Amino acid sequence: MRPVPLALLVLLLSLPLPARALPPLADSHVHYKWNQEEVTSAETAVQILLDNNIALALVIGTPAEHALKLQRLAPQRIIPIWSPYRAPGDWSTWSFDKTVLERARRALASGRWQGIGELHLISGFTPAWDTPVISGLMKLAIEHAIPVLLHTEYSQTQYLSELCRTHPGLKIVWAHAGAILTPAQVADVMATCPAVWAELSARDPWRYVDNPITDKDGQLLPAWRQLIERYPDRFLVGSDPVWPVERLDSWDEADSGWQQYGRFVDFHRTWLKALPPALAEKLRLTNALRLFGKDPATGQ
Ligand SMILES: [Zn+2]
């Protein structure tokens, strides 16, 4: 056996261990919020992404500019998503805020943003999907050819189906695959809305405890596996590093979600391993790369 060249050995040893061992992953649901920055600096957050071999991360800042703090440190890996949220509770009031459209228009004109979201559309809080702020943002996304990240939380699929039918050119990254919906309901949306990519963040046993996608051993449930096999190009994975979990967002205490980052991503890595390699690679990496116009072979 020939000895490993010294320079190569030094390079390999200088890489953080997980990055050497783990295949690259695209994380389609990342937050960097002001109450996360209190406990996790931008530098630390980017190091966590590198340690977990994250090749691409869709980052939603609160306020929006927080995403750019990460992007400055890792421009090749970070896809900044423009968020209208600025203050505590905005997740529940944004669709009534008359300044949203003008702010979005100005932000998108800068060319720095590659998506809009995460927009919470939640039963009991959100008006009809055809009200001016919601419709206006969807039209802006189409105009700029960028996706929207929507978090819908309804016990039925009608809200999203009607919205997608009304905006046929709109690409939707669907957070948590509808959060509380069953595989059969998700199947309905996938059939009705050809430009929906279902993203599976937080569908783990610690967040959506009543409807995770896996069994107690961390393996994908059969109904989810069938659905993924039916739409192999339209599923994504993500971490959604928010902790402790509170649906209504806690603004008075720091969010330590980044300290849980490895656990949230490993959840996906575990069940992905049991899929055929070509299918696993789509969900783990290349579906997200394609969605953002990157070459799946090079990631560039
Ligand atoms: Zn989120």
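How many cavities of 30 Å³ or more does the structure hold? The structure holds three, and the notes below take up one of them along with some other features.

1. **Before you start.** This is a predicted model, where local features need pLDDT of at least 70 and side-chain atom pairs count only at pLDDT 80 or more, while totals for chains, interfaces and linings use all residues. Residues are numbered from 1 along each chain as its sequence is written, and side-chain values use heavy atoms, with hydrogens and water left out.

2. **The zinc site.** Have a look at His29 (NE2), His31 (NE2) and Glu118 (OE), the protein donors of the zinc ion, which lie 2.0 to 2.1 Å from it. Donors are N, O and S atoms within 2.8 Å of the metal (3.2 Å for Na, K and Ca); water is not among the atoms, so sites may look incomplete. The spacing of the donor residues in sequence is H-x1-H-x86-E. His31 in strand S1 (residues 25-33) and Glu118 in strand S4 (residues 116-122) are 87 residues apart, so this pair links distant parts of the chain. Strands (E, at least two residues) and helices (H or I, at least four) are DSSP runs, numbered from the N terminus. His31 counts as buried at 8% relative accessibility, and Glu118 does at 3%; buried means under 20% relative accessible area, exposed over 50%, and partly exposed in between (1.4 Å probe, protein chains only).

3. **The sheet.** Five strands make an open sheet in the order S4-S5-S6-S7-S8, with parallel pairing. S4 and strand S8 (235-236) stand at the edges, each with a single partner strand, so one side of each is left without a neighbour in the sheet. Two strands pair if DSSP finds at least two bridges between them. Strand S7 (residues 196-199) and S8 pair over two bridges, and Ala198 has Phe235 in S8 as its bridge partner.

4. **The disulfide.** A search of the whole structure finds one disulfide, meaning a pair of cysteine sulfur atoms within 2.5 Å. Cys164 and Cys193 form it, with their sulfur atoms 2.0 Å apart. Cys164 lies in helix H9 (residues 158-166) and Cys193 in the loop between helix H10 (183-192) and S7, 29 residues apart. The link is left-handed, with -80° about the S-S bond. Cys164 counts as buried at 10% relative accessibility, as does Cys193 at 1%.

Definitions and conventions
On a 1 Å grid over the protein atoms alone, a cavity is a set of points where a 1.4 Å probe fits but cannot get out, and a pocket is an open set with protein on both sides within 12 Å along at least five of seven lines; lining residues have an atom within 4 Å of a point. Grid points are joined across faces, edges and corners, and a volume is the space filled by probe spheres set on the points.
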